[in-house]
Amino acid sequence: MGQPIAVGFFGVVAIWFAITVFRTSSMVRSALALLAVMVALGGIFLALEAEFLGVLQLMMMASEMTIMAIFMVMYMMDPGGLGQMEMTHQKRSAGLVGALGALGGVTLAVFVAWGGGATVPTPTGQLRLLGLEIMGRSMLIFETAGVTILVAMIAATAVAIARWR
Amino acid sequence: MTLTLCLLVGAVLFGIGLYGAFSQTNLVMIMMGVEVMLGAAMLNLVAFWRFLHPQAFSGQMFVLIVMTVMALEAAVGFGLATARFRAKGSVEMEEAAELKG
Amino acid sequence: MTALLFVLLLLIGAYVVTVIERWAVTGRIDPVAPLAGALALLATESIVPRRPDRTLFDAAPVLMLISAVLAAAVLPLTSSGIVVDLATGGLFVNAALVYIMVALVMAGWGADGAYAMVGGWSFLGQLIAYSMLIVMPIAAVAMRAQSLSTVAIVQSQASVWNVITQPLGFVLFVLAAMGASFLPPFDLPNATALAMGVAGEYTGVRLAVFRLGRLVLVVTLATAITVFFLGGWLGPLLPGWVWTPVKTLVVAATLLAGGRYVPRLRQEHLLQWSWKLGIPLALTNIAWVGVTLLAVR
């Protein structure tokens, strides 16, 4: 019984902070509100007994969103949000697209008979099985992802260098 | 029932992220909209893994890959934003019309 | 272990660490000074800067204290003396420690002051340097224990401690722990050169909570070093619940006293040393641990 309550609570928190991300005019608060969305998602993962994914989500998103905060302070014109500038365009069509996307997802969620309710392994067992999965069946995906990440890191650094010697 | 609840939350988050990605003019804010959408997708993945196939760990593998790609796409996006800022002095996407028409 | 005992132990540990820090700075052991200092701080007037971001300004010290306490909650005193034995305990310690950085960025930005902001963002630069050096030695230690649970990590050191089999990981983890708790020589966020940096805009109760958070962070990191590398509660004569505090206090004294003899590193040098030397060494450590584990079988 606790699981739907926890999921519902964290879900409401995530939605509220996601709305705050795009409504607040202070840039650092916007980035920290996005962090709060990710923390709420991490909480839902932990409530769904995916312990490793929940802890990993909490850890990675904290550093990622703080780095996003510093980039916002660097590149945006009014990081403190004290100027009350209008930062949006085509609000009505954007709202329409967003509402359509949400409606499609909601329809699928409610009107399809998904089934479910199976037993989950213990967290220690989950860690072990995930490790076996990474090193066994998904090894090719893992290696390809690793090389792609390295290439992307080098490319992003190369793009951002100011002056070639 | 919990599965439907998770999918509902994921759908609403996806809609909010889509609205944000379409309505914001600044590159960093657009990227934040994309991050919210990816977060909603990850939530759906974990919910499907937990309630439909808890024995198949390729679901968790998928979530790991999506999490890594989120971080990566943010990094590459910020590299592009740095280059653009150095060239033009701002990252407003309304002014990025050089290739238009 | 009950939550009350856990909080009591943390407070006693923070008190003793304050005495040790005062000894490291001035050379005298003064057991009453922390109590007098805390009471004086609480009686000070609480000044708020002119136009702060109130939510961030108020929340930052509390977040720092909460994340340090959460990180300590998964570290064991004895094999049953742990608040919650998570199956992913080693990763959870790292996850809670990252929120220290979030708290410092909030403190730096929320205070609406130039020096505080510089201190806060420079801690973000330090995180880029030390965060890999915290995770990789934990991964190597977990490889030996074949589990991420902190209790299992201590129990895997029953034959020989990890500091002897993984010395490189130990050195890197100690350095990264000094960076994570912004002790000298990595104390740019808090430095007198920056008008006390992040802590400079706080007075009264909030400064007391900030300082308490920092002390609990030092205790947590010292306990983490003990659990991961120095064998936790394992030891010959005394019972387990005496060994852990003794080792923790020795490690905390070394952390506090050792860094004061080294000049403060500049940010760019710290990042260079960490990424060009530290991370290849950490990867070598993981490879070395893997080779030795496979060879022992």
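Chains B and C share no contact, and their closest C-alpha atoms are 13 Å apart. The model described here is predicted. The predictor assigns the complex an ipTM of 0.90 and a pTM of 0.90. For chain C, the mean pLDDT is 85, and 96% of the residues reach 70 or more.

**Interfaces**

Two pairs of chains touch, and the pair A and B has the most contacts. On that interface, chain A contributes 71 residues and chain B contributes 61 residues. Three helices of chain B each supply at least two residues to the side that touches chain A: H1 (2-23), H2 (27-52) and H3 (58-88). By class, that side of chain B holds 42 nonpolar, 15 polar and four charged residues.

Chain A also meets chain C. Here 17 residues of chain A are in contact with 19 residues of chain C. On the chain A side, helices H2 (27-47), H3 (51-75) and H5 (123-135) each provide at least two residues. H3(A) gives the most, with 11 residues. The chain A side facing chain C consists of 12 nonpolar residues, four polar ones and one charged one.

**Chain A: fold and dimensions**

Chain A has six helices and zero strands. Its pattern along the sequence is α-α-α-α-α-α. The radius of gyration of chain A is 20 Å, well over the 15 Å that the globule rule gives for 165 residues, so chain A is more spread out than a compact globule. The C-alpha trace of chain A spans about 55 × 50 × 25 Å along its principal axes.

Chain A is split into domain 1 (1-78) and domain 2 (122-165). The centres of these two domains of chain A, taken over C-alpha atoms, are separated by 23 Å. Of the 165 residues in chain A, 37% count as buried. Among contacts in chain A with a separation of 6 or more, 60% join residues 24 or more positions apart.

**The nonpolar core**

The largest nonpolar core has 176 residues. Which residues touch the most other members of this core? They are Val37(A), Val28(B) and Ile225(C). Helix H4 (residues 89-110) of chain C makes the largest contribution to this core, at 17 residues. In soluble globular proteins, nonpolar side chains tend to be buried together.

Ile225(C) has contacts beyond its neighbours within four places in sequence. These partners are Phe173(C), Val174(C), Ala177(C), Leu230(C) and Val251(C).

Phe10(A) sits in helix H1 (residues 2-23) of chain A. Leaving out residues up to four places away in sequence, Phe10(A) touches Ala40(A), Gly43(A), Ile44(A) and Ala47(A). Val37(A) is 27 residues from Phe10(A) in sequence, and the two are 9.0 Å apart in space, C-alpha to C-alpha. Is Phe10(A) buried or exposed? Phe10(A) is buried, because 21 other C-beta atoms lie within 10 Å and 20 or more are enough for that class.

Two other residues stand out by backbone angle. Most residues other than glycine have a negative phi. Glu49(A) is not a glycine, yet its phi is positive, at about 65 degrees. Glu49(A) is located in the loop between H2 and H3 of chain A. With 17 other C-beta atoms within 10 Å, Glu49(A) is partly exposed.

Gln146(C) likewise is a residue other than glycine with a positive phi, near 55 degrees. Its place is the loop between helix H5 (114-145) and helix H6 (150-155) of chain C. Why does Gln146(C) count as exposed? Gln146(C) has 12 other C-beta atoms within 10 Å, and a residue is exposed if that number is 12 or fewer.

The table sets out the surroundings of these residues.

| Residue | Other C-beta atoms | Class |
|---|---|---|
| Phe10(A) | 21 C-beta atoms within 10 Å | Phe10(A): buried |
| Glu49(A) | 17 C-beta atoms within 10 Å | Glu49(A): partly exposed |
| Gln146(C) | 12 C-beta atoms within 10 Å | Gln146(C): exposed |

Methods:
Residues numbered from 1 in each chain as written. Chains lettered and ligands numbered in written order. Predicted model: local features only at pLDDT ≥ 70, side-chain atom pairs only at ≥ 80, totals over all residues. Contact = placed C-beta atoms within 7 Å. Helix = DSSP H or I, 4+ residues; strand = E, 2+ residues; numbered from the N terminus. Nonpolar A, V, L, I, M, F, W, Y, C, P; charged D, E, K, R; others polar. Core = buried A, V, L, I, M, F, W, Y, C linked by C-beta atoms within 7 Å. Domains from an automatic or database assignment. Rg over C-alpha atoms; globule rule 2.2 N^0.38 Å. pLDDT = per-residue confidence, 0-100.
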